[in-house]
Amino acid sequence: LSTDRMCKDGAVATIDVGVAYRDDMLGEWTEMAHSIERRKLSCNFTTTKTYENEGRYYECDLLPFMELGNVAHKYYLLNIRLPVSERNKINVGIGEIKDIRLVGIHQNGGFTKVWFAMKTFLTPSILIILVWYWRRITLMTRPPVLLEKVIFALGLCMTFINIPVEWFSVGFNWTWMLLFGDIRQGIFYAMLLSFWIIFCGEHLMDQMERNRFSIYWKQVGPIVFGSFCLFIFDMCERGVQLKNPFYSIWASDVGTELAMAFIIVAGICACLYFLFLCFMVFQVFRNISGKRSSLPAMSKARRLHYEGLIFRFKFLMLVTLTCAAMTVIFFIISQVNEGHWHWGDYTVQVNSAFFTGIYGMWNLYVFAIMFLYAPSHKRYGDEQSRGASGEDIQLTTTITHVDGPTEIYKMTGKAAQE
């Protein structure tokens with residue numbers, strides 16, 4: 001075999017690349033970006049290197065090329081050059097290039113229509129329930145408790161991620177849309193994970209300990225720190241791509257190892273968080289089961305009332321666990337998918353149905369939490385609440401309870417035992 005056609009192990013290709021755009025067939029091309037990139041080749045010769053096999057092609061792994069945050073123009077032009085300089089050791093040992101195949105990954109029109117429609121519909125829906133929820137709280141004579149504040153903050157984050165700013169990307173060349181979307185999703189992740197910890201903790205704490213954010217700093221602190229690390233990792237790639245769309249953290253060996261390590265650690269932390277949340281839910285269930293020992297001494301109507309409350313609360317906790325499990329799975333798969341990480345011959349793909357399903361699940365869950373934990377407008381007195389039938393008392397009819405948003409919230413504290 002001739003040496004000029006052989007690809008050496010660990011060969012590095014130096015590529016002089018540029019991208020330009022125009023909006024009509026006769027207009028001049030306007031350069032968007034230009035860069036000189038280095039990509040390490042990983043090529044294999046599938047047959048033996050003999051004279052009879054000369055002329056066969058190497059099989060090379062795909063290389064990250066470029067990523068555009070927004071496609072606002074009609075026509076794009078790519079210019080790819082492979083300059084050769086033996087003196088400077090540029091493109092020496094990469095073999096003879098016969099062809100270059102480009103694989104394009106884009107968001108298709110069908111998914112775009114569904115995605116825009118969902119965001120446009122869900123934004124006013126969550127905003128209306130959020131305003132209604134906070135109005136109910138402001139009507140209370142007592143100040144809002146920690147759980148109510150956290151639910152309101154979760155609703156704000158859900159509204160923030162719902163706002164369909166993608167509509168503006170149709171007419172404006174906002175190349176920062178991908179980074180902005182990641183930041184919005186990261187804020188929501190941090191708020192949702194923190195909410196679940198506080199939600200379970202508030203149903204475990206004694207009456208004297210609950211309603212204080214300082215109690216949860218050991219659990220919420222790592223979540224905030226992990227979200228900050230995700231932001232730094234995202235800025236290291238997507239932030240640089242705002243100026244140079246050809247940049248990739250996976251292009252160097254050090255960057256690849258750091259990115260792989262980050263993805264593995266993030267996946268392990270997500271799994272550990274879910275196990276910890278399962279442990280907290282188990283403790284809540286055990287706490288609730290302990291309070292059921294006092295139910296037989298109550299009147300039939302009151303006993304049926306509390307049994308109904310307990311059943312609905314346990315169902316809500318199981319829904320919370322299911323939502324948490326799906327969120328963790330989605331987080332891990334999305335990190336693996338964005339990292340171009342191939343598991344042997346298999347690659348992990350996130351289809352549009354799973355993506356929109358998780359997004360819809362988040363909205364439905366936040367909507368249900370705000371609806372269930374909004375204080376009731378019905379003015380039940382203590383005596384009437386104690387003697388009313390189970391059909392008349394709902395999960396949220398606790399406006400006279402000054403120490404919590406729901407009867408379950410009051411019941412789970414040790415000081416609430418009757």
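Both Arg39 and Glu37 are buried, where buried denotes under 20% relative accessible area, exposed over 50%, and partly exposed in between (1.4 Å probe, protein chains only). Their side chains meet in a salt bridge at 3.2 Å, N to O; the term requires a side-chain nitrogen of Lys or Arg within 4 Å of a carboxyl oxygen of Asp or Glu. The model is predicted, so that local features need pLDDT of at least 70 and side-chain atom pairs count only at pLDDT 80 or more, while totals for chains, interfaces and linings use all residues. Residues are numbered from 1 along each chain as its sequence is written, and side-chain values use heavy atoms, with hydrogens and water left out.

Glu37 and Arg39 also line the largest cavity, together with Ile15, Val17, Pro64 and Phe65. This cavity holds about 40 Å³ of space, and a search of the whole structure finds one cavity of 30 Å³ or more. Strand 1 (12–22) and strand 2 (30–40) are the elements that give two or more residues to its lining. Helices (H or I, at least four residues) and strands (E, at least two) are DSSP runs, numbered from the N terminus. On a 1 Å grid over the protein atoms alone, a cavity is a set of points where a 1.4 Å probe fits but cannot get out, and a pocket is an open set with protein on both sides within 12 Å along at least five of seven lines; lining residues have an atom within 4 Å of a point. Grid points are joined across faces, edges and corners, and a volume is the space filled by probe spheres set on the points.

The second largest pocket has a volume of about 620 Å³. Among the 23 residues that line this pocket, Pro222, Ile223, Gly226, Cys269 and Ala270 are the closest to its centre. Two or more lining residues come from each of helix 3 (177–202), helix 4 (217–241), helix 5 (253–291) and helix 6 (300–338). Helix 4 gives the most, with nine residues.

The side chains of Asp182 and Arg238 meet at 2.2 Å, N to O; the pair links distant parts of the chain, with Asp182 in helix 3 and Arg238 in helix 4, 56 residues apart. Asp182 is partly exposed at 23% relative accessible area, whereas Arg238 is buried at 11%. A network of salt bridges links Glu67, Asp182 and Arg238. The whole structure contains eight salt bridges, one of which joins the side chains of Lys98 and Glu96 (3.2 Å, N to O).

Helix 2 (residues 146–162) is largely enclosed by the rest of the structure, because 13 of its 17 residues are buried. At 1.5 Å a residue, helix 2 should span 24 Å, and its end C-alpha atoms are 24 Å apart, which agrees; the expected span is 1.5 Å times one less than the number of residues.

Two residues in the loop between strand 5 and helix 1 (109–138) remain to be considered: Lys89 and Asn91. Lys89 has a positive phi of about 55 degrees although it is not a glycine, and the phi of Asn91, likewise not a glycine, is positive at about 55 degrees. Lys89 is exposed, with a relative accessible area of 65%, but Asn91 is buried at 8%.
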